[in-house]
Amino acid sequence: MLYSVFLDQRLVCFAVLLFFIPVGGDYCPPSCLCARESGTVTCRGGEHPGVPGAIPDWASTLILRGNNLTTLPRWAFCPSGARRPLVTLSLSHNGIRVIEPHAFQGLTSLLVLDLSHNRLVSISPGVFSGLLELRSLNFNQSLAPLAAVQLVNALSLGEHLRSLHRLDLAGNHLTSVPLGIHMSNLHTLVLTNNSIQTVGRDHVATLYQRPRMRIYLSLNPFWCGCELEAFYSWLRNSSQVPDVGALVCSGPGARQGVRLEHLQEEELGCADQDLEAVSYVFLGLVLALIGVVFLMVLYLNREGIKRWLNNIREACRDQMEVYHYRYEQDSDPSLANVAV
């Protein structure tokens, strides 16, 4: 009797535990905040050396911020190989240095990926594999120089990011506009606060081919010399740069601090360079003409010149014979006496 009562109490306690312990998709990782109503899981504060392994199935937004992730391995968010219905993934301020291939594999519904404020030194070519629905990608203040090159190479695999609309590369010390990216649906390219001094003619030609794309370029040290002429002409006739009023020259000379939209075309100094080039061409033509005239004169007077050369040769021969005769007299005294 007593054993039966004790067994019943254990069964009741076990049932209560099953009721209160989250099972499967309702589990919330330690040190994280889970809000099922908004579908958001937030893990902050440096207590997560890796990606939490037990993310609820209902989560559509995952925010990992201020942790020490260092490396995003393959299938980092879907270790079992199953797809996860995340729509927004924020990984800013995590000290991430390396992203391995297929790190985001399985996130087929992802629309927004934020990797800003990290320390990336290595990005693998296939890192964006499977992100066919991604709309927004943010690398603000995250890229070392080598990682920036690797990122452009990874982005050139356009079939992986065919739906990308916005790419943020602000604050990464880029020195050129990365327009080798073959993504026809890209609407917004943010390149503010970089180290871009000029935009070459090839890149300007690409901008003409993408009239729908908006490009943000403020806080770059533009060098307002003749090499900027093509970009300046495009800028004056285009509405693709929303922050055009904030583009400022870093030099040279008196142009420092002048807004590009207030510059006059002649201030770029291209007219002086063109004039100098024309002057050199004209001088070359004049010298060539003088040379041709000189050769023609020589040709037309070839007989007279030949006689003149013969006369000079005969005169030189006579003079040399005189010198030779005097030399013989000076070297032989007997000849000198005979001459007397």
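Predicted model: local features only at pLDDT ≥ 70, side-chain atom pairs only at ≥ 80, totals over all residues.
## A parallel pair within the sheet

Strands E9 (residues 136–138) and E10 (residues 166–168) run parallel and are joined by 3 bridges. Within this pair, Leu 137 stands opposite Leu 167 of E10.

## The chain as a whole

The chain contains 7 helices and 14 strands. Of its 340 residues, 36% are buried. Contacts between residues at least 6 apart in sequence can also be sorted by separation: 59% of them join residues at least 24 apart.

Strands of a sheet pair through backbone hydrogen bonds, in either a parallel or an antiparallel manner. Here, 9 strands form an open sheet with mixed pairing, in the order E1-E2-E3-E5-E7-E9-E10-E11-E12. The edge strands are E1 and E12 (214–216), each of which pairs on one side only. On average, neighbouring strands of this sheet are turned by 5° against each other when direction is ignored.

Strand E1 (residues 32–35) pairs with E2 in the antiparallel sense over 4 bridges. In this pairing, Ala 35 stands opposite Thr 40 of E2. The two strands E1 and E2 form a hairpin, with 4 residues between them. Gly 39, which lies in the turn, has a positive phi of about 70°.

Strand E2 (residues 40–44) is mostly covered, with 4 of its 5 residues buried. E2 also pairs with strand E3 (residues 61–65), in this case in the parallel sense and over 5 bridges. Two facing pairs illustrate the arrangement: Val 41 stands opposite Leu 62 of E3, and Arg 44 stands opposite Arg 65 of E3. E3 in turn runs parallel to strand E5 (residues 88–90), to which 3 bridges join it. Thr 61 has Thr 88 of E5 as its bridge partner.

## Two packed helices

Two packed helices are described by the angle between their axes and the distance between the axes. The axes of helix H3 (residues 201–209) and helix H4 (residues 229–236) come within 8 Å and cross at roughly 20°. Because angles under 35 degrees count as roughly parallel, H3 is described as roughly parallel to H4. The crossing of H3 past H4 is left-handed.

On the H3 side, the contact is made by Arg 201, Val 204, Leu 207 and Tyr 208. H4 contributes Glu 229, Ala 230, Phe 231, Ser 233 and Trp 234.

Gly 251 lies in strand E14 (residues 249–251). Is this residue buried or exposed? Gly 251 counts as buried because its relative accessibility is 1%, and buried means under 20%.

Which residues is Gly 251 in contact with, leaving aside its neighbours within four places in sequence? They are Phe 222, Trp 223, Cys 224 and Gln 256. Trp 223 and Gly 251 are 28 residues apart along the chain, and their C-alpha atoms are separated by 5.3 Å.

Technical notes
Residues numbered from 1 in each chain as written. Heavy atoms only, no water. Axes fitted to C-alpha atoms, helices over the stretch in contact; angles between N-to-C directions. Parallel < 35°, antiparallel > 145°, perpendicular 65-115°, else oblique. Left-handed = near helix turned anticlockwise from the far one by under 90°. Contact = heavy atoms within 4.5 Å. Buried < 20%, exposed > 50% of the residue type's maximum accessible area, 1.4 Å probe, protein only. Pairing = 2+ DSSP bridges.
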